[in-house]
Amino acid sequence: MRIDVVTIFPEYLEPLSVSLVGKARARGQLDVRVHDLREWTHDKHNTVDDTPYGGGPGMVMKPEPWGEALDAVIESGAQGEELPVLVVPTPSGRPFTQELAVELSEKSWLVFTPARYEGIDRRVIEEYGDRLDVREVSIGDYVLAGGEAPVLVMVEAVARLLPGVLGNAESHRDDSFAPGAMADLLEGPVYTKPPEWRDRGIPDVLLSGHHGKIARWRRDEAIRRTVRNRPDLIERADPAAFDKKDREILSILGWGPGPDGRFGRVAPDVEE
Ligand code: 6GU
């Protein structure tokens with residue numbers, strides 16, 4: 001996969017040389033190219049922003065540098081190469097989910113356009129929307145100063161899904177949010193050596209060697225953690241995903257099926 005990032009802070013993308021993404025690049029599995037937007041300015045001060053039409057606070061990124069930058073990046077594609085998907089980080093975008101990460105990981109070329117200030121002149125998104133698959137994407141319900149940190153987040157989420165990037169091919173299967181995995185439950189707690197640390201032991205079942213009991217315990221813990229941290233995931237889960245034992249645990253935690261079969265809280269919260 002090829003990934004281009006156009007930014008006024010190329011140094012902000014230096015973490016893309018580290019760890020999983022850095023190793024994928026070193027192995028040739030990922031071709032990441034970071035570009036300085038100011039290279040496509042022509043004035044003495046390398047201006048990339050201006051005041052908003054209609055007034056209001058903050059500044060807006062000018063269309064001309066983005067147009068020249070994106071034209072140059074798109075034209076740098078090899079003959080016959082597919083056009084890139086343009087990913088525009090913005091707090092007003094669609095939520096970035098594991099599902100979108102999987103979809104993007106299946107593309108051959110992504111171009112990210114992290115913006116600062118109040119965002120990019122709308123005509124840029126319209127112009128490239130006529131030629132490319134453009135995705136305006138938010139990484140969550142909070143406001144950051146720019147799209148660079150979201151690009152780091154999205155590139156890592158996508159890169160770890162590329163064939164051969166994670167060591168163990170099984171490693172994705174149990175990811176919280178992996179489509180179908182431990183269907184829509186958060187992962188429970190994990191333990192390693194030593195068996196006792198500061199007077200704290202390991203749940204006996206994990207030392208039992210009884211694989212069936214271990215799987216059941218892990219699922220119970222996943223349900224407990226999901227009820228506690230993300231009750232919305234239980235409410236929207238397909239009730240067919242809950243087996244008899246799941247329903248017992250949910251009932252103990254104060255959850256049961258409503259008239260439509262979906263689960264909701266039916267008793268006061270149980271304190272751990
Ligand atoms: Cl993609 N950009 C900014 N600036 N803030 C955000 C965001 C993106 N996603 C959540 N907050």
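Helix α2, residues 63-75, lies across β1, β2, β5 (85-95) and β6. The helix runs at about 165° to β1. Helices here are DSSP runs of H or I with at least four residues, strands are runs of E with at least two, and both are numbered from the N terminus. Axes are lines fitted to C-alpha atoms, for helices over the stretch in contact, and angles run from 0 to 180 degrees between N-to-C directions. Contact means heavy atoms within 4.5 Å.

Next, helix α4, residues 122-129. This helix packs on the sheet and touches β5 and β7. Its direction makes about 140° with that of β7.

A word on the source. This is a predicted model, where local features need pLDDT of at least 70, side-chain atom pairs count only at pLDDT 80 or more, and totals for chains, interfaces and linings use all residues. Residues are numbered from 1 along each chain as its sequence is written, and side-chain values use heavy atoms, leaving out hydrogens and water.

Now the sheet. In what order do the five strands come? The order is β2-β1-β6-β5-β7, in an open sheet with parallel pairing. Two strands pair if DSSP finds at least two bridges between them. β2 (31-36) and β7 (133-138) stand at the edges with a single partner strand each, so one side of each has no neighbour in the sheet. Neighbouring strands are turned by 25° against each other on average, direction ignored.

Bridges, then. Four join β1 (residues 2-7) to β6 (residues 109-112). Aspartate 4 has valine 111 in β6 as its bridge partner. Three bridges join β5 to β6, and leucine 86 is partnered with valine 111. Seven join β5 to β7. There, valine 87 is partnered with arginine 135.
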